[in-house]
Amino acid sequence: MSRFALYGKISIVTALLCGTISGYAPTGEAADLNQIQQQIKQQESKLAEQKRAQAKLQSTLKNQESKINSVAGELRDTELSLQEIRKQIAEADGQIKQLEKKEREQKAKLARQMDAIYRSGLNPSVLQRMFSEDAQKAARMKVYYEHLNRVRIETIENINATQAQIAKQKEEILSRQQSHKAQLSTQKKQQQELEKAQRERQSTLNEINKNIDKDQNKLTTLRANEAALRQEIQRAEQTVRAQEQQEREALAQRKQAEEKRTAKPYQPTEQERRLINSANGLGAAARQYQKPVSGSTLYSFGSTQAGEARWKGMVIAAPRGTPVRAITGGRVILAGQLNGYDYMVIVKHGDSDLSLYGFNQAVFVQAGQLVSAGQTIAQVGDSGEVSRPALYFGISRKGVPVNPAGWIK
């Protein structure tokens with residue numbers, strides 16, 4: 001969303017007053033001077049009132065964006081949790097199928113046992129005849145009969161236990177799935193309500209800004225935003241530099257100690273591999289990386305933004321909520337709100353390369369965090385800086401913005 005300061009109002013008021021004064025023919029009467037002074041006071045009062053209204057709306061908008069970021073983060077966590085539940089359900093379905101197969105085998109075994117008992121003619125009347133004709137033989141048959149009966153009872157109990165286990169697993173999984181779906185539905189509703197409130201406030205803000213000298217004011221604002229971004233990058237790089245040095249020294253010590261202990265090459269963990277890869281820059285521009293989002297280019301690097309201002313990156317159209325992915329591994333040095341860029345993520349690659357991802361409605365990483373290629377780091381928003389939801393994507397090398405199109409496919 002364009003959030004223009006009302007500095008241009010001052011030039012408008014000045015021009016208005018100059019025009020008024022130039023058209024004024026002094027008569028020497030104090031009433032005319034009083035009238036001009038009254039007009040000045042009215043303009044100053046109107047300007048001050050508009051500044052207060054805009055400042056209030058900008059503060060409200062910032063709070064709303066913070067809430068949207070929070071809700072979007074909760075939504076993503078819930079969706080990831082749902083994916084895990086679906087995975088668990090798939091695994092449980094496989095287990096249930098195995099249990100059902102086991103149940104069928106148990107029932108078949110029971111059927112065979114019943115058939116064997118029937119075919120052997122082992123029933124109470126037969127046993128009675130066996131006892132009367134040959135006591136020794138009858139005793140052996142009785143033991144055999146009791147064994148078959150125990151096996152049959154055990155099989156029936158196993159079938160019942162298997163069926164109970166199947167029912168319990170299905171009940172637990174369905175309960176968890178319903179709970180997570182209900183939570184997801186609630187959070188999506190919250191996000192829709194927040195976005196609606198934000199659109200309403202932006203409409204009011206546009207009403208306040210409609211009489212501003214937009215071109216000159218926007219140019220001033222863009223320059224201020226660029227200067228603020230440069231300062232944030234410098235501050236963020238200084239913050240993470242010491243952290244990187246400590247982590248790499250600690251890794252070198254672990255590697256040395258482990259290789260000395262085992263006499264084998266050290267195998268780094270996934271986190272350590274990310275740390276090692278973060279030392280690599282982006283390399284030469286050879287279109288070797290995937291785009292952070294799929295979509296058409298709305299504005300290319302170097303095209304006109306406003307007046308003399310040029311785009312220092314490219315703007316890629318993408319639906320609101322689209323996952324934004326890091327083009328390659330590196331370390332996050334900044335993840336937060338910046339004027340003119342909404343939620344911005346900046347990833348450092350090696351000593352001198354940065355990739356920048358702006359116009360987001362939510363971020364899912366923190367400063368200092370190591371990320372890998374393709375990892376979701378943010379979510380496309382509708383900043384209002386352009387006509388539709390989009391991602392601002394830039395690359396900086398040694399502090400100088402360069403055309404990012406050369407690095408992406």
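## Exercises on a predicted model

Both phenylalanine 359 and tyrosine 392 are buried.

**Exercise 1.** Find where in the chain confidence is lowest and where it is highest.

Solution. Start with the whole chain: its average pLDDT is 76, and 73% of the residues score at least 70. Next, go to the elements. Helix α1 (residues 7-22) has the lowest confidence, with a mean of 40, while strand β5 (residues 323-325) has the highest, at 97. Then look at the stretches with pLDDT below 50. Residues 1-27 form such a stretch, with 58 contacts in the model beyond near neighbours in sequence. Residues 211-215 also fall below 50, and this stretch has nine contacts of that kind.

**Exercise 2.** Locate threonine 322 and decide whether it is buried or exposed.

Solution. First, its place: threonine 322 lies in the loop between β4 (314-317) and β5. Second, its accessibility: the relative accessible area is 18%, and buried means under 20%, so threonine 322 is buried. Third, its surroundings: leaving aside residues up to four places away in sequence, threonine 322 touches Val293, Ala378, Gln379 and Val380.

**Exercise 3.** Classify the pair formed by the rings of tryptophan 311 and phenylalanine 359.

Solution. A pair of aromatic rings is described by two values, the distance of the centres and the angle of the planes. The whole structure holds six aromatic pairs. For tryptophan 311 and phenylalanine 359, the centres are 6.4 Å apart and the planes stand at 80°. Planes over 60 degrees apart count as edge-to-face, so this pair is edge-to-face. Now place the two residues in the chain. Tryptophan 311 sits in the loop between β3 (309-310) and β4, and phenylalanine 359 in strand β8 (residues 353-363); they are 48 residues apart, and the pair links distant parts of the chain. Last, check burial: tryptophan 311 counts as buried at 5% relative accessibility, and phenylalanine 359 counts as buried at 2%.

**Exercise 4.** Describe the aromatic pair of phenylalanine 359 and tyrosine 392, then name the residues of the cluster that ring pairs form.

Solution. Take the geometry first: the distance is 5.8 Å centre to centre and the angle between the planes is 50°, and the pair is tilted. Then the positions: phenylalanine 359 is in strand β8 and tyrosine 392 in strand β11 (residues 390-397), 33 residues apart, and the pair links distant parts of the chain. Finally, the cluster: ring pairs link Tyr299, Trp311, Tyr341, Phe359 and Tyr392.

Notes. Residues numbered from 1 in each chain as written. Predicted model: local features only at pLDDT ≥ 70, side-chain atom pairs only at ≥ 80, totals over all residues. Heavy atoms only, no water. pLDDT = per-residue confidence, 0-100. Helix = DSSP H or I, 4+ residues; strand = E, 2+ residues; numbered from the N terminus. Contact = heavy atoms within 4.5 Å. Buried < 20%, exposed > 50% of the residue type's maximum accessible area, 1.4 Å probe, protein only. Phe/Tyr/Trp six-rings, centres within 6.5 Å; stacked < 30°, edge-to-face > 60°.
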